[in-house]
Amino acid sequence: MATDETDDKERDKIRFPLLRAEVEEAGYESGHLIVRNIVLEVGSGERVGLIGPNGAGKSTLMKGLLGQLPHWRAKVYWRGEEKTMAREEAVSSQIAYIPEQPIVYERLTLWEHLVLAAASVGLSEEELNERADKLLRRFRLNGFRHHYPVKFSKGMQQKTMLIIGFLMKPDLYLVDEPFIGLDPGAVLELIDALEEERSRGAAILMTTHVLDSAERMCDRFVLVNNGGAAATGTLEEIARQAGLGSDARLFDCFHRLTARDEDDEVEA
Ligand SMILES: Nc1ncnc2c1ncn2[C@@H]1O[C@H](COP(=O)(O)OP(=O)(O)OP(=O)(O)O)[C@@H](O)[C@H]1O
């Protein structure tokens, strides 16, 4: 019986994407929608870039997935099974959210933040020590483990958020604008760490404005504009939707698709 169940789970992993969200409406108050009719899908071992102009609704989508939006009408599937995401503990413990604005506790040291995160996902002391050592060295915060993140620089606080996320080794990373504010060395470490996680089978859904990094890192993209999906797919598919050749850069596709939409808006 247990073997049948395990087999079923293994089959579901292959048959369904890890996460599929069919978002009908999302916003902060009823009567004022920020996002409508967007499908987000990310498979195990896949990196999806959520891109779009300022205010398009990318962070709003992330908040919706985490169950933090007052108005959220969506069907969310986790390995093919319908879920309400963050409200279900079995799913939320498999997601690491790395926010755009670092959130740190005033009275906790960096190490205490890590202990708290480890406890939330049930890591043993040994796992915590081993993973934390590697991550603190990787992001050059080893000398600060007993300091208070509330007094860190913005970039150091951002690294704290990254370390907490990677410590958890989740099935899915929701990463909101990870590159801005990090020094070039940290950006390279972040790209490597995400690649290691991807090859372990973790899924990554990431918003970013740093399109050259997104182009290098992501397998697929969802371009959000004015609260809707302006284009989705691989870079080649996005280029086709933008009316550009298969060698087009993501930056050019972005510009073409969002500029065209602005023109439409003016004409309408
Ligand atoms: N807490 C909030 N209450 C009300 N409206 C909000 C709130 N947060 C964001 N918005 C609005 O939702 C819209 C989309 O914002 P969102 O932060 O999702 O955009 P974004 O695509 O992530 O932008 P950026 O690239 O600038 O981070 C904006 O018009 C913004 O003013």
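**Entry 1: a hairpin turn**

I started at the hairpin that β9 and β10 form, where two residues lie between the strands and N226 takes a positive phi near 50°. A reminder to myself before going on: this is a predicted model. Next I looked up how the two strands of the hairpin run. β9 pairs with strand β10 (residues 228-233) in the antiparallel sense, and I noted five bridges. For a landmark in the pairing I picked V222, which stands opposite T232 in β10.

**Entry 2: the other neighbour of β9**

Which strand pairs with β9 in the parallel sense? I found strand β3 (residues 47-51) there, joined to β9 over four bridges. My landmark here is G49, with F221 of β9 standing opposite. Then I checked burial along β9 (residues 220-225): five of its six residues are buried, so the strand is largely enclosed by the rest of the structure.

**Entry 3: around the ligand**

Now to the ligand. I listed the residues that surround it: Y28, I34, G52, N54, G55, A56, G57, K58, S59 and T60. Which helix gives the most to this shell? My answer is helix α2 (residues 58-65), with three residues. Sorting the shell by class, I got six polar residues, three nonpolar and one charged.

**Entry 4: helix α2**

I stayed with α2 to see how it sits. I wrote down the buried ones as K58, T60, L61, M62, K63, G64 and L65. K58 and T60 also belong to the residues that surround the ligand. Just past the end of the helix, I noted that G67 takes a positive phi of about 75°.

**Entry 5: two domains**

Last, I stepped back to the whole chain. The domain assignment gives domain 1 as 2-94 + 170-267 and domain 2 as 100-169. How many residues of domain 1 are in contact with domain 2? I noted 13, and they meet 13 residues of domain 2. On the domain 1 side of this contact, the elements that give two or more residues are β7 (172-176) and α7 (184-200). Of these, α7 supplies the largest share, four residues. By class, this side of domain 1 has six nonpolar, four charged and three polar residues.

Definitions and conventions
Residues numbered from 1 in each chain as written. Predicted model: local features only at pLDDT ≥ 70, side-chain atom pairs only at ≥ 80, totals over all residues. Buried ≥ 20, exposed ≤ 12 C-beta atoms within 10 Å, placed from the backbone. Pairing = 2+ DSSP bridges. Near = placed C-beta within 6 Å. Nonpolar A, V, L, I, M, F, W, Y, C, P; charged D, E, K, R; others polar. Domains from an automatic or database assignment. Contact = placed C-beta atoms within 7 Å.
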